[in-house]
Amino acid sequence: MARKDVFEFLVDGTSGLVPGDVSGKALIVGVCSAGEVGKVYYLGKRSDLTGLLGTGPLVDRLQHVFATGGQDSTVLAVPVAGSPGGTISTLKHTGTGPDADVSGLPGGNADVIAEIVDAGAPGVATCKLSKDGGATFGVAAAVPANGQISVADTGTTIVLAAGNLVAGDRYSYSVRGPIGPVTRIGLGPEITAAGTVKAGAEVVLQIVKGGDRNEGQYRLSVDGGDNFGPYRTIPVDGQIPVADTGVTITCPAGDYPLGSTYQFDLLAPVPTIADVIDALTIPLETVDPEFVYVVGPSDSVDWAAMGALADDLWNRHRPTFFVCEGRLPAAGEDLNDWVTALKQERMGFAHRFVSVCVGFGEISDRTGLRKLRNAGGLLAGRIMEVPVQRDIGRVRDQGITGISLPEGYTEAMQSELEEAGYITLTRYAGLQAVYWGTARTMADSTSDYQRLEVLRVTFKAVRLMRLQALKSLKDELGDPLQGADTSGLAYLRANLENALDTMVKAKPKELAGYAVSIPMDQDFVNNGVATETTLIGIPIIDTIKLFSSYVYAGGKFDPRMAA
């Protein structure tokens, strides 16, 4: 016989708590000069970014994230290994002969022109090469029979299509290594720059007092001349470090006239997609972000890999989307060619869990520097700041501060890129600031998830509902003959509705409403329980049409006369 006493039990799972929200939680991966590759750094606004991560693209974008991510932004950052940066522009062909493409890796600086001298098939035709934009040409030589013209010291090869080459045809492109060519304005000795680039920069060295080493003075800028450092004497050894970029300028002995200016660009190191995935493997086992932001230029091959990673996370019950950066225009490539190249890159790729930001311009950071860079950091901060249902470009939230669009960037370019599925920057007539365009994903045109806010709302709802549904796993179903009111099904439905109520009752609303249904014509014993949920989203005002007419006071069509 059981002992007579009072026994206590805790009834759990009835408080109404709805866990599982990861809104605004970002995992950011990129190249930096310090820190441990693959390690998660938990950062806040007061974190010492330079002390922890050194310099480089990751630190650069983190500054943008914290500048725009709101008052309570917390970021998980993961360093990744980097490779030397460089660009190869799209090959241009003038003439009527066969087209060509350029292949290889940027290994130097050159403005290449291959001009066909003698017509004919490869092996018979001849061409001459220039690596200085046509200022000088080498001796004409036979085009290899395989149609592949290697350009020495650049790492590139021109690959000709089949067909007879035509005399006078030109094939041109530009290639840039991590340290761009030095341009000199004025007189003075030629300077050189060398080192391993850790961060991108637009370097300007200006002579502010004429003279030789240990006599003349200079000032240095790393943002294209927007900001200069203090005046310094040209060192005795001629070695001038370029801030924290890892590059050193060498000034040979000689007379440096006042006003002489030297300019060159540094391209930031870039990660390979294999390095990114390798660096993310362990962090994604231990942290659960709303989205992953990958710093650095990317292409469709990278997007496909990130899409596969997003699919894998979805299959592990962790809905996560990826934000990537598009590339900036390469040397010798104008904005029109850049837009065309991006549209071509988009062709053949679609994934609803991947977004690509191609907005770029001169962006100010917390140090006051204004550098030309992708606006992905500002985008990530904006996503973190706004609720899941909100368009990132809502005008009444004001525009983006500290950014200026590139000269020549037109509304048509913005429209074409946005239509292609990219996240862009835009302006509106009558307003001065720069705004975000539509928050697109790279989903196909038939998908319901072409907008980021739709994806964010859905992912949040899915996460909340899953944890609530788990409360009913292995629970007694009850008697199905009692319909939807049977105890197990009623408990399941109540928990799902409780999860979605948090989004409907949020301030501001994240959902307009929802409908949860548990069809009763199911074989619960053999197939389990299937629920059907409709999420009723909040529409976004994308277009406003203002129709106006004019009438005379007191006339027949004066609307006041009918009253």
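1. Leaving aside neighbours within four places in sequence, His-64 is in contact with Ile-363, Ser-364, Asp-365, Arg-373, Gly-377 and Leu-378. The residue belongs to helix α2, which covers residues 57-68, and His-64 is buried, with a relative accessible area of 1%. Please keep in mind while reading that this is a predicted model.

2. Now for the whole chain. Its secondary structure comes to 11 helices and 30 strands. The C-alpha trace spans about 105 × 70 × 70 Å along its principal axes. Of the 563 residues, 44% count as buried. The accessible surface comes to about 28,000 Å², and carbon and sulfur atoms account for 53% of that. If you look at contacts between residues at least 6 apart in sequence, 65% of them join residues at least 24 apart.

3. Which residues have the most contacts inside the largest nonpolar core? They are Leu-62 and Trp-436, in a core of 77 residues. Setting aside residues up to four places away in sequence, Leu-62 touches Ile-28, Leu-43, Leu-49, Leu-53, Val-75 and Ala-77. There is also a second, separate core of 20 residues, which includes Ile-191, Val-197, Leu-220 and Cys-251.

4. For a sense of distance, Ile-149 and Thr-68 are 81 residues apart in sequence and 48 Å apart in space, C-alpha to C-alpha.

5. How many disulfides does a search of the whole structure find? The search finds zero. Take Cys-324 as an example: its closest cysteine sulfur is in Cys-357, and because the two sulfurs are 10 Å apart, they are too far for a bond. Cys-324 counts as buried, at 1% relative accessibility.

6. Is Tyr-428 buried or partly exposed? Tyr-428 counts as partly exposed, because its relative accessibility is 35%, which falls between the limits of 20% and 50%.

7. The peptide bond from Lys-507 to Pro-508 is cis, with omega near -5 degrees. Pro-508 is part of the loop between α10 (487-504) and β29 (513-517).

8. Positive phi values turn up in residues other than glycine. Phi of Asn-214 is near 65 degrees, and Asn-214 lies in the loop between β15 (201-209) and β16 (217-221). Asn-214 is exposed, with a relative accessible area of 54%. Lys-474 has a phi near 70 degrees and a place in the loop between α9 (452-470) and α10. At 82% relative accessibility, Lys-474 also counts as exposed.

Technical notes: Residues numbered from 1 in each chain as written. Predicted model: local features only at pLDDT ≥ 70, side-chain atom pairs only at ≥ 80, totals over all residues. Heavy atoms only, no water. Core = buried A, V, L, I, M, F, W, Y, C linked by side-chain atoms within 4.5 Å. Buried < 20%, exposed > 50% of the residue type's maximum accessible area, 1.4 Å probe, protein only. Contact = heavy atoms within 4.5 Å. Disulfide = S-S within 2.5 Å. Helix = DSSP H or I, 4+ residues; strand = E, 2+ residues; numbered from the N terminus. Areas by Shrake-Rupley, 256 points an atom, 1.4 Å probe, with all protein chains shown as cover.
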